[in-house]
Amino acid sequence: MVNIGIHGASGKMGQMIINCLKDSKDAKLTALYTIEPLESVPEGVIVTDDLNELFANCDVVIDFTIKEGALNLINYARTNPKPLVIGTTGLGEEGAGVLNLAANAMPILYATNMSLGVAVLNRLASLAAKTLAEFDIEIVEQHHRHKKDAPSGTALTLAEYAANARGLNLKDVIVTGRDGLVGARSKDEIAVLAVRGGDVVGRHTIGFYNDGEFIEINHTATSRATFAKGAIKAAVWLSSQKNGLYSIYDCLGL
């Protein structure tokens with residue numbers, strides 16, 4: 001049984017992980033880190049705003065917070081090693097550097113999306129991008145009105161898989177908005193466009209468009225439980241791994 005600590009327990013994902021752990025046969029909740037009050041806490045679970053106390057009372061920490069919170073956690077862990085599952089998106093280049101440094105001291109699994117379906121979507125996108133070399137690529141992501149970062153980390157990862165399959169550097173070809181007289185679409189550009197509204201959990205569509213035909217592949221998340229269960233599975237798997245930086249594909253064996 002793996003003891004789980006949650007960093008960001010008061011957030012929507014933190015609360016969903018707490019609920020999903022109630023039914024887990026491989027993991028149990030032992031510690032919660034939060035700077036905001038919680039309405040209810042499972043019996044026997046420690047609640048703290050001290051990272052030292054969080055780390056002392058769990059085997060693996062799952063993080064779903066914001067960039068600043070995640071980076072603070074990772075930097076703390078560099079001198080206090082503990083397996084980390086990082087699900088916070090929008091970490092950027094700074095985050096990538098911190099993750100790589102910290103992974104020398106502990107196992108870390110970083111994923112912009114914990115869903116098995118999204119993992120397969122990325123693989124399909126890579127195959128399609130390489131095979132349909134003359135097709136234009138456009139990505140549309142939809143999320144609830146409260147999501148703070150755009151485009152989503154999942155959409156950017158999807159674009160990166162497509163770009164890599166064509167031997168392109170995503171930084172050179174990505175377009176995240178169009179307005180006014182922007183001119184004709186360039187051959188290599190990959191557009192990533194964001195839609196926000198309502199309570200949409202998450203929907204990602206990647207389209208491949210050519211003269212006379214097009215293909216669209218999409219993934220729709222109907223519940224945050226999808227991501228919570230994926231994060232729990234990742235935590236259980238990570239608890240027995242060597243130091244290093246892992247992806248959701250390592251955990252799923254894809």
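Mentor: Helices (H or I, at least four residues) and strands (E, at least two) are DSSP runs, numbered from the N terminus. This is a predicted model, in which local features need pLDDT of at least 70, side-chain atom pairs count only at pLDDT 80 or more, and totals for chains, interfaces and linings use all residues. Residues are numbered from 1 along each chain as its sequence is written, while side-chain values use heavy atoms, with hydrogens and water left out.

Trainee: Which helix holds Val 120?
Mentor: Val 120 has a relative accessible area of 35% and is partly exposed, because that class lies between buried (under 20%) and exposed (over 50%), with a 1.4 Å probe and protein chains only. The helix that holds Val 120 spans residues 116-131 and is α5.

Trainee: Which residue forms a salt bridge with Glu 93?
Mentor: A salt bridge is a side-chain nitrogen of Lys or Arg within 4 Å of a carboxyl oxygen of Asp or Glu, and here the closest N and O atoms are 2.2 Å apart in the pair of Glu 93 and Lys 171. The two residues link distant parts of the chain, 78 residues apart, with Glu 93 in helix α4 and its partner in helix α7 (residues 170-173).

Trainee: Is Glu 189, which meets Arg 178 in a salt bridge, buried or exposed?
Mentor: The side chains of Glu 189 and Arg 178 come to 2.8 Å, N to O. Both lie in the loop between β8 (174-175) and β9 (190-196), so the pair ties together parts that are eleven residues apart in sequence. Arg 178 is partly exposed at 37%, whereas Glu 189, with a relative accessible area of 12%, is buried.
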